[in-house]
Amino acid sequence: MYRTLSVFVEDRPGVLARVASLLARRGFNIRSLAVGPSHEEGMSKMTIVVEAPELEQVKKQLHKLVNVVKITELEPDRSLEREIMLVRVSAPPGRRSEVLEIADIFKATPVDVGHSSMCLQVAGDPGKINDFLELLRPFGVVDLAKSGRIALARELKGKESKLRAVN
Amino acid sequence: MSTISGAEALIKALEAEDVDVAFGVPGGAILPLYDPLLDSSIRHVLARHEQGAGHMAEGYAWATGRVGVCIATSGPGATNLVTPLADALMDSVPIVAITGQVPTWAVGNDAFQEAYTTGITMPATKHNYFVTNPDDLPDVVHEAFHIAATGRPGPVLIDVPKDILNAQMTWHSAATELDLPGYRPTVDGHPRRVKEAVELMANARRPVLYVGGGVIKAGGSEALLELANRTGIPVTTTLMGRGCFPDSHPLAMGMPGMHGTYTAITAIQKSDLLIAVGVRFDDRVTGDPTKFAPSAQVVHVDVDPAEIGKVRTPEVPIVGDARRVLEQLVEAWGSRQQPDRTDWIEQIRTWQREHPLSYDQQPDGPIKQQYVVEEIHRITGGDAIVVAGVGQHQMWTSQFWKFDDPRKWINSGGLGTMGFAVPAAIGAAVGKPDELVYAIDGDGCFQMTSQELITAAEEGIPVKIAVMNNSVYGMVTQWQRLFYNERYSASQLGSKVDYVMLAEAMGCAGIRATTPDEVAPAIERSLAIDDRPVVVEFVVDPEEMVFPMIPSGGSNDEVIVAPGKTVVAP
Ligand SMILES: Cc1ncc(C[n+]2csc(CCOP(=O)(O)OP(=O)(O)O)c2C)c(N)n1
C-alpha cells in the first residue's frame, strides 16, 4: 500500500540520506520523493510516497533523527497532491492536432515542438496525470520525466479545523 | 585577534566539556589533533586497536555515567570504530568519537586511507557530523556531547578533514542556546498517564516491575527502590539493568529472559500488570512475543518514544526520563496502603524455593564457572565493578553475581560483542581509579582483544581479568549440543595457549587455577598484586551448560531448568 509522508527537516547536508536510509533498512520501496524549501527559513519539506504495510514504527524512527522536526502522514482524501510531468510523444506533422486536442482537455501545454515529436508539460493531480499519459501512449511516448509528488494537508472544515493562519 | 588551529579549537572544545581522558590511536589524518593534545589537560590512553579505544570509551561511560571519548584516524582507524559505535548505539552508551578525514579537496577521490566515515557510521550512531568549516567546531562539539548524553544516550561521531584541523580560526565558545529544533527529549511523564499507571498498580493482584538499563542511565535506582518499597511490587532486572535494584532486596527476582531465573520468567508470565521501565521488550527477554506475559496489562515507561509499542502495545504509555517518571509514580502513589498481595508474594517465594539457580561443584571435579563467579564475589565482598564478555560466562556472571548497586556491571547486551570485556574494563578502571575492576571473560572473547592488556600494563591501569578457559566457544557448543545433534562445527579453540605466559609477555601478572581448591587462592593472589594488571586463568569444565534456558523464539511458559528437565508454567 502506498502512503504519503510529509517530513519537515532542517536543511542540513546528509539529511536526505538519513531519511532514505531508514526507509531502505526496512526494505520499504520509495515510490516518489520530493525535497524543497519550506515556509520556514533553513527548513525543508520532504514529501515521500512509500510502499509499506504500516509506518508507525518508521515514523517514530524518523523522529529520532536529530534533523527531523516533524512528520505527518497525509491521507489521500485529506490532502492535496500534485505532480508535474514532462512527456515527449511522437507527433509527426499529420498527428499533431490530435495530440494537441488531448493536451487541451488536460490543460497540458506544448513546451517544445520538433519535426517528429512534441514535448508537453502537465501539472496537477497524480491520477489525472496518469490518465493523460495513458491517452498519449498510442501515439508513442518517447521520453518522460515526472517530478516527485508534493503534498499538503487540506484545511479541515468547521469545528475540526486546527490550522491557523501564520502571519 | 589571534587565531588558533582547528585542532587546537577541537581540544579547547573538548576541555570545555570537561573531558578528562580520551582513548585513541593516531594516524596521518588525525595527527594535527594529537599535537596540541600533548599540551592539554586531557589524558590520552593509547589503545592498541581502535575497537579497543571505542570499548574503553564505553567502559568509561558505563562506570561513570559521563560521556566517553575516543579518537581514530581516517580510513581503517574509523572503520575499526564501527563495532564499538554499533555496540554503544544498541546499549545506549554515551560516547563521542572523533575521526580524522582526508583533506577536504581529496574527499571522494579514493585518497589514501579514505573511507566514507559518516556514511558508514550513519546507522551505527545516534548522530554524526562531517565538519567543513573550522568555525563550526565549538558548536559541533557542544551539540555532540549534548546529543550523546541526553534523551536516550548514544554514540555521536565527529569526522574532521585534516585541512580543517590545520586551518586557522578565531576561537569562540559554543553558543549557549543549542539550535536543535528536531531534538527535544521528553523528560516529565504525562501526569494523567502517571495517575492511570498508579491506579493500575493499586489494583493489580500480580504486578511485576520489569526494569532495565534505562533506569541506570537515568540515575533512577533510588526512585525505583522507593517505588518498590511503597508498592511492594516484586522486581526483575534485565541483563542491561542488573544492579539498578539490589539483588539482596526481598522483592528482587533476578534476571528475566532466555537465561533468567525461573521465578522472574514465570512471574512475568503469570502477572496481571507489567510496569516496564527503561526496557525494550528485547527478544532475548520475551521469547515468542505473542506468548509473552499473556494476561498482563502493560505500563511502559521509556525516554525513547520509538520503544513504546514497538514490540508490545502498552495500556499506559509514558514517554519520559526513567528517573523522573519513577519519582512521579512515587509521588502519585503517595501514602496509599499496599493492597494485600500475600498470595502473589507467597507464590513467588515458592517458585524461588523450588527452582533456584543451581550448579554442582564437586571438590575433585573440574572447576565450574558459576563457582568462580561466586568465589570472586565472596572474596571481594562484592565490592567491584564487574565486566563480562559475551557467552556462557556472561550469563553466569549476570546470574550468580549479587548486584546491589548501579554502574557496577558492564557488558555488551544488545550487540553481544565478543572482545568487549578487556577494553571496557580498562575504560572503567580509568574512569573509576579508586574501584576494583574485575573482568570475567571467556577464552574466545579474550582472544579477540587481549592485546589491550598491553595498554593497561603500559598505562598502569590495574585491571583484573579472569579468563574462563574451557577451550571452546562455550555458548556455541551449548547450542550445538542442544540443537545441532552435538556436531561441534568450528567451536573448538584447542589448548595451545598458555595464558600465564601470554599475560606475562604483555607486562601483566599471570595466575592459573586448574582445580576447585586453587580457585580462592588464585583470586586472593590476584587481589594482592597492585603494580600490574592481572590475568587469572581458570581452567573450567567445557561441558557445563547455562540453565535455565528458553530456546530462541520459544514460549516463556516452557523453561528448561536443567538438562532434560523442562518446567511448563502452571
Ligand atoms: C564478535 C562476535 N563474533 C561472534 C559471536 C558469536 N558468539 C557468541 S558467544 C560465542 C562464544 C564465546 O566464547 P567464549 O568467549 O569462550 O565464552 P563462553 O561462551 O565459552 O563462556 C560466539 C562465537 C559474537 N557474539 N561476537
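This is a predicted model: local features need pLDDT of at least 70, side-chain atom pairs count only at pLDDT 80 or more; totals for chains, interfaces and linings use all residues.
Q: How many of the 11 residues of helix H18 (residues 421-431) of chain B are buried?

A: A residue counts as buried when its relative accessible area is under 20%, as exposed when that area is over 50%, and as partly exposed in between (1.4 Å probe, protein chains only). Helices (H or I, at least four residues) and strands (E, at least two) are DSSP runs, numbered from the N terminus. In H18 of chain B, 10 of the 11 residues are buried, and the helix is mostly covered. Among the buried residues are Val422(B), Pro423(B), Ile426(B), Gly427(B) and Val430(B).

Q: Is Tyr129(B) buried or exposed, and why?

A: Tyr129(B) counts as buried because its relative accessibility is 8%. This residue is found in strand S6 (residues 127-130) of chain B.

Q: With which residues is Tyr129(B) in contact, leaving aside its neighbours within four places in sequence?

A: Contact means heavy atoms within 4.5 Å. By this rule the partners of Tyr129(B), its neighbours within four places in sequence left aside, include Thr118(B), Val140(B), Ile147(B), Leu157(B) and Asp159(B). Tyr129(B) and Leu157(B) are 28 residues apart along the chain, yet 6.3 Å separate their C-alpha atoms.

Q: How many residues of chain B are in contact with chain A?

A: On chain B, 16 residues are in contact with 15 residues of chain A. The size of an interface is often given as the accessible area lost when the parts come together. Buried area is this loss for two parts (1.4 Å probe), summed over both. Chain B and chain A bury about 1,300 Å² between them, and carbon and sulfur atoms give 53% of that area.

Q: Which side chains of chain A and chain B meet in a salt bridge?

A: A salt bridge is a side-chain nitrogen of Lys or Arg within 4 Å of a carboxyl oxygen of Asp or Glu. The count between chain B and chain A is one, formed by the side chains of Lys64(A) and Asp304(B) at 2.6 Å, N to O. The side of chain B that touches chain A has eight nonpolar, three polar and five charged residues. In this scheme Ala, Val, Leu, Ile, Met, Phe, Trp, Tyr, Cys and Pro are nonpolar, Asp, Glu, Lys and Arg are charged, and the others, Gly among them, are polar.

Q: Where in chain B lies Asp304(B)?

A: Asp304(B) lies in the loop between strand S12 (297-302) and strand S13 (316-319) of chain B. Asp304(B) counts as buried because its relative accessibility is 3%. Neighbours within four places in sequence left aside, Asp304(B) is in contact with Lys64(A) and Arg152(B).

Q: Into which domains is chain B divided?

A: Domain bounds come from an automatic or database domain assignment. For chain B these are domain 1 (4-169), domain 2 (191-354) and domain 3 (369-539). The centres of domain 2 and domain 3 of chain B, taken over C-alpha atoms, are separated by 31 Å. Their contact takes 17 residues from domain 2 and 18 residues from domain 3 of chain B.

Q: What area is buried between domain 2 and domain 3 of chain B?

A: The buried area is about 1,400 Å², with 56% given by carbon and sulfur atoms. In domain 2 of chain B, Leu239(B), Arg242(B) and His259(B) lose the most area to domain 3, together 42% of what that side buries. Between these domains of chain B the count is zero salt bridges.

Q: How many residue pairs are in polar contact across the interface of domain 2 and domain 3 of chain B?

A: A polar contact is a pair of N or O atoms within 3.5 Å; within protein, one must be able to donate a hydrogen and the other to accept it, and residues adjacent in sequence count only if both atoms are side-chain atoms. Across this interface of chain B the rule finds seven such residue pairs, both residues at pLDDT 80 or more.

Definitions and conventions
Residues are numbered from 1 along each chain as its sequence is written. Chains are lettered from A and ligands numbered from 1 in the order in which they are written. Side-chain values use heavy atoms; hydrogens and water are left out.
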